Amino acid sequence: MPVNDPHEGDEPVRPWDPIVRGRATLDGLEQLVGGFGTAVLALLTLCGVIISALACVVGIGLLVLPTALRVLRALANRERARLSRSGPELIAADPVPDGLLAALKQPVTRRELCWVLCHASFGLALGLTGVSLPLNAVRDLTYPLWWQLPPPGDTAGAGMSLLAVNELFDAFLIALMGVGWVVLTLLVVPVAPRLQAWHGRRLLAAGPEADLALRVAQLTATRAAAVDAHAAELRRIERLLHDGTQNRIVAVTVMLGAARRAVAHDPAIAEAMLEDAQGAAEKALAELRGLVRSILPPVLEDRSLSDALTGLAAACPVPCEIDADLPGRCAVSVEATAYFVVAEALTNVARHSGAGRATVTVRRRDERLRLTISDNGRGGARERSGSGLAGIRHRTEAHDGTFALTSPPGGPTTLNVSLPCGL
Amino acid sequence: MRIVIAEDDPLLREGLALLLRAEALDVVATTADPDSFLQAVDIHRPDTAIVDVRMPPTHTDEGIRAAVEARRRQPGLAVLVLSAYVEQAFATDLLAHGSARLGYMLKERVGRVQEFLSALHRVADGGTAIDPEVVAQLLTRTRPDNRLERLSPRERDVLALMAEGLGNAAIAERLFVTDGAVHKHIRNIFAKLDLAPTDRTDRRVAAVLHYLESGGQHKA
């Protein structure tokens, strides 16, 4: 399954907006604390592994080392799960095989040993720094409030070791240092988790062999979905041609036949039948036009995706705003998929959401076409097999795209689809 | 002739009824799905039914099954099945229990009113009406048996018309030849295909269709 990233297509990033920066710092702090936790566990595990490895010399280690490796695997999987929450997914590794040699032969085990070394040292240090920065800031900022309290023993904070604090002025100087700590926190904490996670992401990612197998499974699934979607589409077209257009034309020939028979003995009846025949022929034409449009809308081919979407919005019973900013064109199949995603989504909005307004945003960024369709309806949309949403997912995944739906009860509903442009 | 029509497309259903009534035929009921069709057959006891193959709910072969069921309930009911396209399997299903009082035709033949009416009458009178398209498919099928190649072109024409269910007189009229000539062709055909000769049209159609369908592997 492709990774669904609900943050795709967010508003442009403004790195110095204090709110954005503050939130990034809090997020970073949360991750650093988590990383600090696993780093402490990594240190303990590392000690365990080293001790049991040394104990191998006397023999008992041979019995303990497999257990140590199992603990290491469990910890590594925990770290994989943690990192997956804040970025691309890391697949959990299978349990350690029985037998020490088999376990040590695994490339995964060797990479995990490297990781535990890095994380217990570098990761621990970074976590410690990251966590202590905001603590220092708080301590120094609040210093003027409690500087007169008797110091608990001789040990004191960084501020006091540099300055001899004798009066309130000095205390405020220290508070000024606290401001420095804050700035340092805002600068360092948002980027530190990435640094802390770097070795984990590199060493705990599945090896190239596992990665490919996963990719093959994913491609097989999406290809099956593509074939299914294609077959369903052909079936729909066949139905419309047979039961619609063809029946109309048969009706035309029936009426023409009857009219020819009637023309000699009752011209008035013949006239009425000819009228019916003409009506049926016109209906056949209208249906044929509708069918052609549903296969590939001519406007999509002749003009652009934005124009085609504008046409869709105009036909939608719910007032709909199209915000499409598309320099250049994408591959025909991608544009057609985008068109049908929007068509299907707007049909859903009109049918089920009870919304009074819908918005479609289309952007092209990083060689991907990103579609966001949102409405202010009652929400609670769910993906059932055979539903329009399942159809959208299939069509999207058939193009190696991603699909994400957020629709809490009470609304609003937002559908995010991202497609590779294919050019 | 008392007729019940089963056709889910309203325009075509009404068009058919209009056409038949204009020909002074008695259309006693028009229905849009298999269930109401079977009900109408029970109520009106028609002698002929015109049935569309694709009907609700699944739009596949409901018409064929409804026709078979109607004939089970009312043996001797003549059924003309109309189809939007030719499907050999439908014809085989329909003719599995003999070909008397059965017809299988493309919908668009209805527009050729004269021919449609004669096929309808033929079926109602105990004969068979098979669409030329079905017969053409059977004739062009590759087969291990090459006895068909022994037929002269004219004999092939006669064979095709026989398979459609036409009688000697009708074949003669179509090919602009005398009854005697048709008779001679038919004797030759039966001899060349190793079929037992028969003069009864219904048996003849069955024999010819069976021969064509089986690829000549089983002698009829």
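**Predicted model of a two-chain assembly**

Chain A has a mean pLDDT of 82, and 90% of its residues reach 70 or more. The structure is a predicted model. Confidence in chain A is lowest in helix α6 (residues 158–162), at a mean of 48. It is highest in strand β3 of chain A, at 92. Over residues 1–13 of chain A the pLDDT is below 50. Beyond near neighbours in sequence, this stretch has 20 contacts in the model. Over residues 154–161 of chain A, pLDDT again stays under 50. For residues 154–161 of chain A, the model has 10 contacts beyond four places in sequence. For chain B the mean pLDDT is 87, and 95% of the residues reach 70 or more. The model as a whole scores ipTM 0.78 and pTM 0.57.

In chain A, one helix packing involves α2 (residues 61–85) and α4 (residues 107–141). Their axes lie 10 Å apart and meet at an angle of about 75°. That angle makes α2(A) roughly perpendicular to α4(A), because values from 65 to 115 degrees fall in that class. On the α2(A) side the contact is made by Leu69(A), Leu72(A), Arg73(A) and Ala76(A). On the α4(A) side it is made by Thr109(A), Glu112(A), Trp115(A) and Val116(A). By class, the contact of α2(A) with α4(A) has 5 nonpolar, 1 polar and 2 charged residues.

Strand pairing in chain A includes two antiparallel pairs that share β3(A). Strand β2 (residues 358–365) of chain A pairs with strand β3 (residues 368–375) of chain A in the antiparallel sense, over 8 bridges. Within this pair, Thr359(A) has Ser374(A) of β3(A) as its bridge partner. The hairpin of β2(A) and β3(A) has 2 residues between the strands. In this hairpin, Asp366(A) takes a positive phi near 50°. Strand β3(A) also pairs with strand β5 (residues 413–420) of chain A, in the antiparallel sense and over 8 bridges. Here the bridge partner of Thr372(A) is Asn416(A) in β5(A). Strand β3(A) is also the element of chain A with the highest confidence, at 92.

Chain B holds 10 helices and 6 strands. Of its 220 residues, 45% count as buried. Among contacts in chain B with a separation of 6 or more, 63% come from residues 24 or more positions apart. An open sheet of 6 strands runs in the order β2-β1-β3-β4-β5-β6 (chain B), with parallel pairing. Its edge strands are β2 (26–31) and β6 (128–130) of chain B, each pairing on one side only. The twist averages 20° from one strand to the next.

Helix packing in chain B includes α7 (residues 153–164) and α9 (residues 179–192). These helices of chain B pack at an angle of about 90°, with their axes 10 Å apart. Helix α7(B) is therefore roughly perpendicular to α9(B). From α7(B), the contact draws on Arg154(B), Glu155(B), Val158(B), Leu159(B) and Met162(B). These meet Val182(B), His185(B), Ile186(B), Asn188(B) and Ile189(B) in α9(B). By class, the contact of α7(B) with α9(B) has 6 nonpolar, 2 polar and 2 charged residues.

The contact between the chains takes 17 residues from chain A and 17 residues from chain B. On the side of chain A that touches chain B, helix α9 (residues 208–265) of chain A gives the most, with 16 residues. The residues of this side divide into 8 nonpolar, 5 polar and 4 charged. Val254(A) lies in helix α9 of chain A. Val254(A) counts as buried because 29 other C-beta atoms lie within 10 Å, and the class requires 20 or more. Leaving aside neighbours within four places in sequence, Val254(A) is in contact with Leu12(B), Gly15(B), Leu16(B), Leu19(B), Val110(B) and Gly111(B). Within chain A, the C-alpha atoms of Val254(A) and Met273(A) are separated by 9.5 Å, and the two residues are 19 residues apart along the chain.

Note on methods:
Residues are numbered from 1 along each chain as its sequence is written. Chains are lettered from A and ligands numbered from 1 in the order in which they are written. This is a predicted model: local features need pLDDT of at least 70, side-chain atom pairs count only at pLDDT 80 or more; totals for chains, interfaces and linings use all residues. pLDDT is the predictor's confidence in each residue, from 0 to 100. Axes are lines fitted to C-alpha atoms, for helices over the stretch in contact, and angles run from 0 to 180 degrees between N-to-C directions. Helices (H or I, at least four residues) and strands (E, at least two) are DSSP runs, numbered from the N terminus. Angles under 35 degrees count as roughly parallel, over 145 as roughly antiparallel, 65 to 115 as roughly perpendicular and the rest as oblique. Two residues are in contact if their C-beta atoms, placed from the backbone, lie within 7 Å. Ala, Val, Leu, Ile, Met, Phe, Trp, Tyr, Cys and Pro count as nonpolar, Asp, Glu, Lys and Arg as charged, and the others, Gly among them, as polar. A residue is buried if 20 or more other C-beta atoms lie within 10 Å of its own, exposed if 12 or fewer, and partly exposed in between; C-beta atoms are placed from the backbone. Two strands pair if DSSP finds at least two bridges between them.
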